[in-house]
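This briefing gathers computed features of the structure shown below, grouped by topic for a reader who works with coordinates.

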Amino acid sequence: MPNAILKGLAAAVGLLALSGTAALAEWPEKPVTFVVPYSPGGGFDSYVRAVAPEMEKALGVEVVIENIPGAGGQKGAATVYRADPDGYTIGIWNVPGLTVPQLLGRSSGYDLTDVTWIGNLATSKYALAVKSGSGFDSLDDLCGLGQPFKHSDTGPASTSSVTARIAMATIDCPILNVTGYKGSTDTIIALMRGEVDATIKPIASLLKYQDDLDILMTFETERSLENVPTSSELGYDNFANFTLRRIIGGPPGIPADIQAKLSEALMTAANSAAVQEWSTSSNRPLDPVGADEASAIMTQMMDFYSEYKDVLAEGS
Amino acid sequence: MGFDQLFDAIALVLGSGSVIYVLLGVALGLCFGVIPGLGGTTALALLVPVTFTMEPLDAMYLAGGVMGATSFGGSLTAILLNTPGTAPNAATTFDGYPLAQQGKAGMAIGASATASAMGGLIGLFTLLLVIPVARELVLAFGPAEFLLLTILGLVAIAVASRGKLLRGLIAGGLGLMLAFVGSDTVSGELRFTLDTDYLWDGIPLVPTLTGMFALSQMIELGLKGGSVAGTGSAVSGRISGIGSGVIAVFRHWTVLLRGSAIGTIIGAIPGLGGTVASFIAYTSTVQASRDPESFGKGNIVGVIAPESANNAKDGGSLVPTVAFGIPGSAETALFLGILVLHGIDPGPTILLQNQQEVYGLIVALTLSAVGASLIGLLFARWLVLITFVNVHFLVPVVVAVSLTGVYVLDGKPGDVVLAMVMGIIGYLMMRFDYPRLTLVIALVLGETAERSFHQTRMISDNDMLGFMAARPQSLILIALIVLTLLLPSLRRLPIFRRSTT
């Protein structure tokens, strides 16, 4: 009997020792998989491909990019969510693109409230644009048309559709969301063709077409465009909350030390000269923010959007 | 006009060693084209990460080489095995395969190679001509015109099913129903998804097409046994007619021009692309022919029309790209993605700021269209031997390779299951004489039709007809639709009778 206990103890001690060495071993020891929930060549994909080589340098192991497209990004999100929380699988998340389906109970296989957030990579701010020479000078002109103003969009679940619908609902401005355009540039071309009255799109995308468009207002608190008033200046206090975030996170329960290492590597990569240069020349703005702040942002975004569940549930 | 820049770009690619990238692209494109299930989109998607470390211009050469070569590669299996290598080659099977069965595969390949090269050149030439007005062209075509074009495509289905109209309509209706699976473009509601998130994005084209054509054809061959070109007594060993195929293209130059024009126009419309272009090119050729009964039985013109269209589409798909930096096809979308990776921001100034890359791509496409066809002609004599191989060796290889191809694009096991289901449905349709391509075309058109219907309804304040009546470009398309529907009846009028006999 005592022998058995001793054996058991010895085994336990042995196990402890083993797990001790496992924890002590330097993370990372093997390649990190970076999941992009969309096909290669898109916006999220290009961001990840730009930072991955620099993250490799910072971490000292390979960073393997895996594209898992499907179900509007939910398939890739679910894959990351279900992975082992060992820090070897992370992904890029579309917020509020993935927030809204979750709030409406249409999400599958992930829960944003317990994802281990590693850092925010980029934040796109929105602006309201009309066709040059359209005669619309302000949001009031659009709201006072006597009929809902037409807004071009990709799909009802897209971030700019969510932004347009919630923002206009809060100020009781009627809007008709014309959906189904193939990409955000197509929605801007639709505006140039005169099919719709206005569009709310990321500032960087609109700026490319500024010769044909008038940007009436940016959705922010401080001016990023010198001659365009911000929503806060014009008294729309809530509007600055609407952003598109490209945020990096892993499955729930990644140990804090590994989360910190990943976050540090991500920040080093995002602030590296190579990535900064890519960002400027390709007009893909960065907004690197570490793990703690990213987690706080995510909580706040969830609260913000859940206030507008009714508007979201209405469809278009 | 764009031609000066073109010559500079040609000098640049020929003067540097970079032409090797074009050749590499052509070789890859041919391989991906030949294999059912794999296509240009898959090839480019797999290449995106590889191009990351390359010079932007070299990446363009590689992408152009691939884009220009896949559709010719795909015509080879369409002709030899009744299995389109890529989606746009589906219409080529109608007459290409009967030719192969008659032992005239060489002639069909000769025609396909020449039509592909010429179609590609005509499409790119048109692109260079329209560059100055590309912007206006893109702005002139809105949802109303897209809707009318899809209706034109659906009308072509009815025309294509001469003699078996009801079966054609049943297959087309089934295709439309499949097109409505997935999330609704307006409300985002999920429809007919059978509680699986696999169907949220709808029924994907490539697995459907691979199942419908490649797998069903393999079932058919496997059950029949023997080899494609008969049991190999009289015809075997005699591989000729490549030259006569080449000549046929020039003899039927009106078919070539019409096919190329249709390919260029449809290629410029996002969401439709080569599959619809080659189908409409085929049906319009049948319609214009004085001897429509000869199609489907090995008429060489039935190879020329779709093959010229599906190569001309590349030029067309670049029109929205040069105008606004937006893609006209899945391939051009990946091409733009490659630019972003290299720190280039495609936009309305793409032609001014990234002239080198755009013209590099155009040159690569040109070289590729011609190069792929030359390679094809050189190897045609050996490729034809496939039709003499015992199908019991052929079937397992094609099934394994095409199912792998289906899996590779998105890595979804569901795609493989879908392809197998479609293979069985396709075989049954074959058995009971229902047109399979009709179903596939309706599936492609249905998605765009539904989307542009809703858009037109909303932007016209629910007055669609009034809206279209005020747009000349819409009226032209309406006239074409009416003409397509009436033509079969008009042909019976005495005035046309004389010429048809």
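Across all chains, 19 salt bridges are counted, where a salt bridge is a side-chain nitrogen of Lys or Arg within 4 Å of a carboxyl oxygen of Asp or Glu. This is a predicted model, in which local features need pLDDT of at least 70 and side-chain atom pairs count only at pLDDT 80 or more, while totals for chains, interfaces and linings use all residues. Residues are numbered from 1 along each chain as its sequence is written, chains are lettered from A and ligands numbered from 1 in the order in which they are written, and side-chain values use heavy atoms, with hydrogens and water left out.

- A:Lys261 forms a salt bridge with A:Glu26, with 3.3 Å between the closest N and O atoms.
- This pair links distant parts of the chain, 235 residues apart, since A:Lys261 belongs to helix α9 (residues 256–270) of chain A and A:Glu26 to the loop between α1 (2–24) and β1 (32–36); helices (H or I, at least four residues) and strands (E, at least two) are DSSP runs, numbered from the N terminus.
- The loop between α1 and β1 of chain A also holds A:Pro28, and the peptide bond from A:Trp27 to A:Pro28 is cis, with omega near 5°.
- Another cis peptide bond joins A:Val95 and A:Pro96, with omega about 15°, and A:Pro96 lies in the loop between β3 (89–95) and α4 (99–103) of chain A.
- A:Asn283, in the loop between α10 (273–281) and α11 (291–306) of chain A, is a residue other than glycine with a positive phi, near 60°.
- Most residues other than glycine have a negative phi, and most peptide bonds are trans.

**Chain B: helix packing**

- The axes of helix α8 (residues 143–160) and helix α13 (residues 273–288) of chain B come within 10 Å and cross at roughly 45°; axes are lines fitted to C-alpha atoms, for helices over the stretch in contact, and angles run from 0 to 180 degrees between N-to-C directions.
- That angle makes α8(B) oblique to α13(B), given that angles under 35 degrees count as roughly parallel, over 145 as roughly antiparallel, 65 to 115 as roughly perpendicular and the rest as oblique.
- Residues of α8(B), including B:Gly153, B:Ala156 and B:Ile157, meet residues of α13(B), including B:Phe279, B:Ile280 and B:Thr283, where contact means heavy atoms within 4.5 Å.
- The axes of α8(B) and helix α23 (residues 472–490) of chain B also come within 10 Å, crossing at roughly 10°, and α8(B) and α23(B) are therefore roughly parallel to each other.
- Among the residues making this contact are B:Leu148, B:Leu152 and B:Val155 of α8(B), and B:Leu477, B:Ile481 and B:Leu485 of α23(B).
- α13(B) packs against α21(B) at an angle of about 130°, with the axes 10 Å apart, which makes α13(B) oblique to α21(B).
- In this pair, B:Thr275, B:Val276 and B:Phe279 of α13(B) are in contact with B:Leu437, B:Ile441, B:Val444 and B:Leu445 of α21(B).
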